[in-house]
Amino acid sequence: MISSTTKAQSPLIQQLRRGLEPEQFKNAWLDIVAGWHRRELWATLGLHDVRQRYRRSTLGPFWITISMGVMVFALGLLYGQIFGQDLHEYLPFLAAGFVIWGLVSAMILGGCTTFISAEGMIRQLNAPVSIYAYREVWSAVIAFAHNIWIFVAVAWWYDASLSWNMLWVVPAVLILLINGFWMALFFGLLSARFRDVPLIVGSVVQVLFFLTPVIWRPEMLPDRALFLQLNPFYHMVEILRAPMLGHVPAFENWAAVVLIAVFGWVITLFFYSAYRWRIAYWV
Amino acid sequence: MASITLEKVSVSFPVYSSATRSIKNRLIQSATGGQIRSESGSDRISVVQALQDINLKLESGDRIGLVGHNGAGKTTLLRVLGGIYEPNEGRVSIKGSTVPLFDISLGMDPESTGYENILLRGLYLGLSRSQMRARLDEIADFTELGDFLNLPIRTYSAGMRMRLAFAVSTSVAPDILLIDEGIGAGDAAFLEKASQRLKLFTEQVSIIVLSSHSEALISKMCTKAVLMEHGRVIGAGTTEDVLEQYKESRDGSPKAAPLEVSISPASVPQQAVVPSPCDPGSGASAKDRADWADRTAHLLREGRWQDVDLDRLVTEVESLAHTQSQN
């Protein structure tokens, strides 16, 4: 039975007017908790995603490491010359930046396809849909674990000294993952409904790569520009890069990232509570 | 005790066009107060009403067969029973562990070995790795695939994959089992061999819902049946009664044809032109058309203009005029 309807009012506005029922919120939360309990499933799926790309090559997933390594060295030598930087300092900085950028962008870009790429499974399997977001974050983590060795190798080559500040790496990775998880849920949900979202997000992330101090140092800017402070990626990269290079991360960076996490989760929980049940219809 | 209760369940699908799939269009629309409207109606979202007002109560021991034409809503109903689709309206309460067996080869990774795939499918079914390891030998024995289990399953034949999937899927009995048509289709020999296992397996399951076009299979496996049409339950009861009703409704459908002719005679000459009436493609479209004409006639009689697909009505009338002028 087919009927055509025009929506007089956007469903989002209706939703905002009506507010969320506690039960919707509870179901969304239970979905995320139940997703965590299925971690053996999504961990396996995430691993398969990474392995599948390199299945029949001898080096396997270490191609990730190699391509990252080649990029870091080529760009390091080039931009070290252009910016007149001392490679001793610049290469570890660049390697750390690239590796972190790889993690953050993989979580966002992969997050966009969270539900779209799992289309078949969503319609066949009665599992909590949050497992697909966990899966995307997990495959980004696996790729990160391969890339991090580029930084370790560069740091070792330039005799970087170990310091206690490096312990900040652990909480920094954790908060990045917490952020990555809401991004996967939120952008995944939005992309499932609006298919141009992955394209929009893709081009925005590409532009932000150049606006974020990955290749260039923040100190190179004449005075700390406002756009640097307003760039969420700057803070996300910085909280992890500073301890990797042996510095204490700045308070402002941590405050910004925690704020992004809280803000992001509030918005995501709202959307996820309201629209989680629609995902199976949208994909 | 496993049970499923559906109360007044309705499910409708939005069918998006590429324009309504775009957040850019949506934002521009709301920024301009929604005043830009394309003539073709491409910004309208069509809605397919897949299930309407379904009330069902399934209890332990029920073996239920779903029958109905293609597109009657059987698969959608199975997905609602499995908790995959949450309905737009109504309440669903499901007690007990549910396993949907819709696509038996779901989630098989062609590059992984047979053993890895056994583990993977076990995880899909909600088991843990350690539970699956305990069952691995028994499953491997049943498949009789031997050393092939160490090879990637892209090297397997369709029948071998089928064996693997079947062995894993039947290794653990859930409380509620939902089976969509096509399970085991084309591999009758293996099903024969596996029937013993299937029997043992299904005896442990509390509720089975089976959707199939095979009346033989339904009357063999099910004690009750539900007949669906156009997203509604039009008959429920013992298997014999419902299958009888289904047969009558099929035999009766040609008699309903004059109704459709009065609205859209265009479909009649078209059918006559088709050289082979068994051609499934044209048969389906003529059937579709007839269904649509039925519905439209119904809506028009009730004066529900707003529910009529006007674009299509115009096209149909135009094509009708053309066919007549050709004749």
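These legends go with several close-up views of a predicted model.

The model is predicted, with local features needing pLDDT of at least 70, side-chain atom pairs counting only at pLDDT 80 or more, and totals for chains, interfaces and linings using all residues. Residues are numbered from 1 along each chain as its sequence is written, chains are lettered from A and ligands numbered from 1 in the order in which they are written, and side-chain values use heavy atoms, with hydrogens and water left out.

**View 1. Chain A, element by element.** Chain A has 13 helices and 1 strand, where helices (H or I, at least four residues) and strands (E, at least two) are DSSP runs numbered from the N terminus. Of the 283 residues here, 53% are buried (under 20% relative accessible area; exposed is over 50%, partly exposed in between, with a 1.4 Å probe and protein chains only). Take the contacts (heavy atoms within 4.5 Å) between residues at least 6 apart in sequence: 75% of those in chain A join residues at least 24 apart.

**View 2. A nonpolar patch on chain A.** L59(A), F62(A), W63(A), I66(A) and V70(A) make a nonpolar surface patch of about 470 Å². Patch members have over 30% relative accessible area and no salt bridge, with nonpolar side chains (Val, Leu, Ile, Met, Phe, Trp, Tyr) joined within 5 Å and like charges within 9 Å; a salt bridge is a side-chain nitrogen of Lys or Arg within 4 Å of a carboxyl oxygen of Asp or Glu. Areas are Shrake-Rupley values with a 1.4 Å probe, and for residues only the protein chains shown count as cover. I66(A) sits in helix α4 (residues 62-82) and counts as partly exposed because its relative accessibility is 33%.

**View 3. E7(B) on strand β1.** E7(B) belongs to strand β1 (residues 3-15) of chain B. With 43% relative accessibility, E7(B) is classed as partly exposed. Beyond neighbours within four places in sequence, E7(B) touches I54(B), N55(B), G90(B) and R91(B). The C-alpha atoms of E7(B) and I54(B) are 6.5 Å apart, although 47 residues separate the two along the chain.

View 4. Strands β8 (residues 224-229) and β9 (residues 232-238) pair antiparallel over 6 bridges; pairing takes at least two DSSP bridges. K224(B) faces T238(B) across the pair. The hairpin leaves 2 residues between the strands, and H230(B) in the turn has a positive phi of about 45°.
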